[in-house]
Amino acid sequence: MTATVTGQRADQAPTTRRGSYWITTFGCQMNKADSERMAGILEAMGYRPGDDEHTADLVLYNTCTIRDNAEQKVYSYLGRQAQRKRANPGLTLVVAGCVAQQEGEALLRRVPELDLVMGPQHANRLETLLTRVENGQQVVATEEHHILEDITTARRDSAVCAWVNVIYGCNEHCTYCVVPSVRGREQSRRPEAIRREIEDLAARGYREITLLGQNIDAYGRDLPGITGEGRREHTLTDLLRAVHDVRGIERIRFATSHPRYFTDRLIDACADLPKVCEHFHIPFQSGDDAVLRAMARGYTVERYRRIIDRIRERIPDAAISADVIVAFPGESDAQYRRTLDLIEAIGFDQVNTAAYSPRPGTPAADWPDQLPEEVKVARLHEVNALVERVAAARSARYLERTEQVLAEGINPRDPSQLMGRTRTNRLTFFSADAGDGRPWVPGDLVDVVIETVRPFSLSGRPLGRDRVR
Ligand code: SAH
Ligand code: SF4
Ligand code: F3S
């Protein structure tokens with residue numbers, strides 16, 4: 001999953017007099033989904049969206065600790081707010097998410113101005129926790145917690161595409177990764193609750209959903225139930241089939257897939273179910289078997305290749321994206337070259353790259369064979385250049401093709417254009433002018449003839465409304 005920083009602002013009218021809030025979200029889609037739920041809770045409590053981080057009455061940082069630089073970013077943001085709080089004690093300062101979980105009380109010692117430190121499992125409890133803050137307490141909520149079904153309505157950033165959590169946490173033991181320690185054990189939501197959420201989204205006009213889990217292939221393994229054929233009753237494949245017919249939803253995506261658990265049954269379901277988009281995000285992390293073993297990933301490069309071959313047999317045009325780590329402890333030059341070879345051989349549409357960053361409490365952080373910074377920088381630089389070249393080659397196939405694009409919003413760089421994504425997840429820009437006096441708007445499915453290709457995005461000319469499927 002990509003780690004980005006997004007500011008959350010709202011355009012709705014204020015509701016009551018509790019003051020304004022600001023949320024900044026770091027990290028992955030899980031955090032974005034949690035932020036949307038927390039924003040919904042704040043608005044239900046009577047907070048209104050603020051338009052400036054530095055004047056809001058409540059500031060919430062939803063944090064990420066996947067790599068050291070993500071964690072450090074939070075401290076620099078917090079420093080500024082702590083200073084503001086000293087001059088303005090009425091400010092409420094909240095740290096949520098993965099740094100909160102990792103650091104807990106230590107965060108209060110480091111930034112005594114904080115009012116509330118809350119781990120990701122407590123996102124739905126924001127109101128209860130803030131009530132304790134209002135009663136004068138400084139609160140740390142990081143204990144393991146059964147995630148309650150969300151009873152509030154999230155305030156979602158998009159009116160077209162929505163995240164839907166299906167499994168929280170992760171039970172894997174990848175030796176580099178903090179996620180299991182900050183997100184806790186796997187907890188799958190019941191399929192009925194997921195379906196209800198999707199039906200509600202459809203009723204409110206959403207057209208695309210992305211089912212979310214750190215290891216989405218683990219979906220259902222903590223739920224009871226065995227079928228007549230002796231297999232688990234609840235799997236991602238079954239879930240896709242169970243939600244596929246929700247009327248109004250046109251596109252279904254899911255992330256993140258794990259090569260260890262990815263099944264042929266899932267590929268078959270994706271090929272059969274028309275709403276499931278032709279895009280797979282399957283991190284491989286390394287192109288070398290010994291490194292994969294050291295990472296405790298539980299698969300070989302050969303298995304990974306077979307998964308991709310099988311996808312391409314069934315869904316020839318499918319886009320494949322992934323995550324990779326370079327300069328893992330002990331990674332030799334030859335092993336690193338095998339990662340480059342795999343990227344080239346697969347021909348990825350997109351790869352999120354990272355240099356290994358030692359994380360507190362993870363096994364690999366204590367290994368003696370850490371690589372020097374200059375090796376990390378050099379490898380990251382080289383792998384990025386390769387990813388861009390390979391992605392450009394993949395983009396080239398779209399030239400002059402007609403692609404269905406779901407319009408998601410206005411292009412911020414050119415308001416005469418809309419932007420959206422192809423079913424294969426390529427960002428695409430096109431003119432909002434539909435040629436009939438009624439412009440295209442977010443939520444429309446538009447056939448776009450691709451005229452310009454770039455490594456990670458496309459531009460094109462929309463066909464008329466009569467062509468819409
Ligand atoms: N659950 C997903 C990944 C979640 S973390 C999976 O299993 O693939 C998102 C990405 O961050 C990972 O895929 C990995 O590429 C990267 N990452 C995680 N820990 C890292 C670390 N310690 N250093 C560098 N990159 C890391
Ligand atoms: Fe981290 Fe591995 Fe779990 Fe992904 S599967 S979140 S990399 S421990
Ligand atoms: Fe970061 Fe936590 Fe996601 S560490 S990548 S925000 S699960």
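Is Cys-64 buried or exposed? Cys-64 is buried, because its relative accessibility is 9%. Buried here means under 20% relative accessible area, exposed over 50%, and partly exposed in between, with a 1.4 Å probe and protein chains only.

## Model and conventions

This is a predicted model, in which local features need pLDDT of at least 70, side-chain atom pairs count only at pLDDT 80 or more, and totals for chains, interfaces and linings use all residues. Residues are numbered from 1 along each chain as its sequence is written, chains are lettered from A and ligands numbered from 1 in the order in which they are written, and side-chain values use heavy atoms, without hydrogens or water.

## Cysteines

The whole structure contains zero disulfides. The criterion is a pair of cysteine sulfur atoms within 2.5 Å. Cys-277 is in no disulfide, and its nearest cysteine sulfur belongs to Cys-161, 9.5 Å away. Cys-277 counts as buried because its relative accessibility is 3%.

## Ligand 1

Ligand 1 has 16 residues around it. Nearest come Tyr-176, Gln-214, Gln-285, Asp-323 and Ser-357. A residue is near a molecule if one of its heavy atoms lies within 4 Å of it; the same cut-off applies to a strand. By class, the shell holds eight nonpolar, four polar and four charged residues. Ala, Val, Leu, Ile, Met, Phe, Trp, Tyr, Cys and Pro count as nonpolar, Asp, Glu, Lys and Arg as charged, and the others, Gly among them, as polar. Strands β14 (319-326) and β15 (350-355) each supply at least two shell residues. Helices (H or I, at least four residues) and strands (E, at least two) are DSSP runs, numbered from the N terminus.

Which atom of Asp-323 lies 2.6 Å from an oxygen atom of ligand 1? It is a polar side-chain atom of Asp-323. A backbone N or O atom of Tyr-176 lies 3.0 Å from a nitrogen atom of ligand 1. For Ser-357, a backbone N or O atom lies 2.8 Å from a ligand 1 nitrogen. The protein covers 93% of the 540 Å² of accessible area that ligand 1 has on its own. Accessible areas come from the Shrake-Rupley method with a 1.4 Å probe; for residues, only the protein chains shown count as cover.

Ligand 2 is surrounded by residues including Cys-170, Cys-174 and Cys-177. Glu-172, Tyr-176, Val-179, Pro-180, Gln-214, His-258 and Arg-297 are also in this shell. Its classes are six nonpolar, two polar and two charged.

Around ligand 3 lie Cys-28, Asn-31, Cys-64, Thr-65, Ile-66, Cys-98, Arg-183 and Gln-214. This shell divides into four nonpolar, three polar and one charged. Gln-214 is listed for ligand 1, for ligand 2 and for ligand 3.

## Asn-62

Asn-62 sits in strand β4 (residues 58-63). Asn-62 is buried, at 1% relative accessible area. The side chain of Asn-62 makes a polar contact with the side chain of Ser-35 at 3.0 Å. A polar atom of the Asn-62 side chain also lies 3.0 Å from the backbone oxygen of Asn-31. A polar contact is a pair of N or O atoms within 3.5 Å; within protein, one must be able to donate a hydrogen and the other to accept it, and residues adjacent in sequence count only if both atoms are side-chain atoms.

## Aromatic pairs

The structure has 11 aromatic pairs. Rings of Phe, Tyr and Trp (its six-membered ring) pair if their centres lie within 6.5 Å; planes under 30 degrees apart count as stacked, over 60 as edge-to-face and the rest as tilted. Phe-26 and Tyr-77 are edge-to-face, because their planes meet at 80°, with ring centres 5.1 Å apart. Phe-26 lies in β2 (residues 20-27) and Tyr-77 in α2 (residues 68-87), so the pair ties together parts 51 residues apart in sequence. Phe-26 is buried at 2%, and Tyr-77 is buried at 18%.

Phe-284 and Tyr-304 form a tilted pair, 5.6 Å centre to centre and 55° between the planes. Phe-284 lies in the loop between β13 (279-281) and α10 (289-295), and Tyr-304 in helix α11 (residues 301-314), so the pair ties together parts 20 residues apart in sequence. Phe-284 is buried at 0%, and Tyr-304 is buried at 1%. Ring pairs also link Tyr-176, Phe-328, Tyr-356 and Trp-367 into a cluster.
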